[in-house]
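Please read it alongside the sequence and the coordinates.

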Amino acid sequence: MNILDSSGEEGVCVEMTMVCLSDFEEYAKQHLSKATWDYYDAGADDCWTRDDNLLAYKRIRLRPRILRDVSLNDTRTSVLGMEISFPVGIAPTAFHCLAWHEGELATARATEAMNTCYIASTYSTCSVEEIAAAAPSGYRWFQLYLYRDRKLSEQIVRRVEALGFKALVLTVDVPYTGKRRNDIRNQFKLPPHLKVKNFEGMFQEQTGSQEEYGIPANTLDPSISWKDVCWLQSLSRLPIIIKGILTKEDAELAVEHGVQGIIVSNHGGRQLDGGPATIDCLPEIVDAVQGRVEVYMDGGIRTGNDVLKAIALGAKCVFIGRPAIWGLAYKGEEGVREILQILHDEFRLCMALSGCRNVAEINRNLIQLSRL
């Protein structure tokens, strides 16, 4: 990136120093096309929930402990019994090739290098086979939608199980796609050279029909219900994690149906506008499940301080969506690694400054809810 010297003349090309995640956000906004930026940035309707996912962290204060000997800090934790380097993974986000030519392959390699969890999206622009080959030692889960044609879902479950993916993340908050106004204004479509690779060739008989985010419209099944969790359990031995729970009532039902995890998520504010921020929902869901299943969270994580607050409120791990895209837009695999490294370093620093020597010492006593 060229910069101006003190005289106002254009100077030597100097690489921008990326200090925090907002630096990557600004870079991505400047360098992605308007339609692509709008797609990633979009929330539903007025974007209140998208924005509140961020603002909610500002209502939470920390109660740091002092004189605790934090000369050694251990950020490691585990998810579903697998140790990861720190409690931040990559959430399922679609169409990574819009941000970087290698797309999901770069994301998979970055998370493998950082020894954390990557949830690959159904709507990937690289296939699950390509993702597995790109990072053969990576720890991966697969995010799943259920379609009116259950054979589509069944086929991809068989594929990811054979490829060594370690869990199915069933996304349950999209019986219909939320109204994202800028996508409508931009008439957003994938460019012709990109496809939803996991379903390549499966919709040929519907060529020419109206599409919605890369596949024929009305493919998602709005009749999805708890009985489909049982169907998935009959189909695969992989652990099932439900993504999109925001209430204690649904958390209790998830436990009753034998799932292994819950991701507290409002889809980045892209589905129902006016719903709660995910960090505000987290405590009641943690209390409802009482340790019977692991609870994770996504939405609004931008700093290591945010990670610390979520872990203190009971999340086993948090997942980032949009920031991974910003990292891709910046430098592909290296950019995603930088995003994760910044969060790791910030998290470790916040732990130490709060008097926590390891993740096990982070608990709700660290949290003070603001009265503002």
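**Briefing on the predicted model**

The structure is a predicted model, and the protein chain in it has 13 helices and 16 strands. With a radius of gyration of 20 Å, close to the 21 Å that the globule rule gives for 372 residues, the protein chain is as compact as a globular protein of that length.

**Negative patch**

- The patch is formed by Glu249, Asp250, Glu252, Glu256 and Glu284.
- Glu284 lies in helix H10 (residues 278-289), and at 35% relative accessibility Glu284 counts as partly exposed.

**Overall build and burial**

- Taken along the principal axes, the C-alpha atoms of the protein chain fill a box of roughly 65 × 60 × 40 Å.
- Of the 372 residues in the protein chain, 53% are buried.

**Helix H12**

- In helix H12 (residues 322-331), 9 of the 10 residues are buried, so the helix is largely enclosed by the rest of the structure.
- The buried residues of H12 are Arg322, Pro323, Ala324, Ile325, Trp326, Gly327, Leu328, Ala329 and Tyr330, whereas Lys331 counts as partly exposed, at 22% relative accessibility, because burial requires a value under 20%.
- Just after H12, Gly332 takes a positive phi of about 60 degrees.

**Salt bridges**

- Side chains of opposite charge can pair when their charged atoms come close, and with a cut-off of 4 Å between side-chain nitrogen and carboxyl oxygen the count comes to 22 salt bridges.
- The side chains of Asp280 and Arg59 meet in a salt bridge at 2.8 Å, N to O; Asp280 lies in helix H10 and Arg59 in the loop between helix H3 (48-55) and strand E3 (60-62), so the pair ties together parts that are 221 residues apart in sequence.
- Asp280 is partly exposed, with a relative accessible area of 39%, and Arg59 is partly exposed too, with a relative accessible area of 31%.
- Glu129 and Arg159 meet through their side chains in a salt bridge at 2.9 Å, N to O; Glu129 lies in helix H5 (residues 128-134) and Arg159 in helix H6 (residues 150-162), so this pair ties together parts that are 30 residues apart in sequence.
- Glu129 is partly exposed at a relative accessible area of 33%, and Arg159 is partly exposed at 21%.
- Lys331 forms a salt bridge with Glu334, the closest N and O atoms being 3.6 Å apart, and Glu334 counts as partly exposed at 36% relative accessibility.

Methods: Residues numbered from 1 in each chain as written. Predicted model: local features only at pLDDT ≥ 70, side-chain atom pairs only at ≥ 80, totals over all residues. Heavy atoms only, no water. Patch = residues over 30% accessible without salt bridge, like charges linked within 9 Å, V, L, I, M, F, W, Y side chains within 5 Å. Areas by Shrake-Rupley, 256 points an atom, 1.4 Å probe, with all protein chains shown as cover. Lys, Arg positive; Asp, Glu negative; His and termini not counted. Charge placed at Lys NZ, Arg CZ, Asp CG, Glu CD. Helix = DSSP H or I, 4+ residues; strand = E, 2+ residues; numbered from the N terminus. Buried < 20%, exposed > 50% of the residue type's maximum accessible area, 1.4 Å probe, protein only. Rg over C-alpha atoms; globule rule 2.2 N^0.38 Å.
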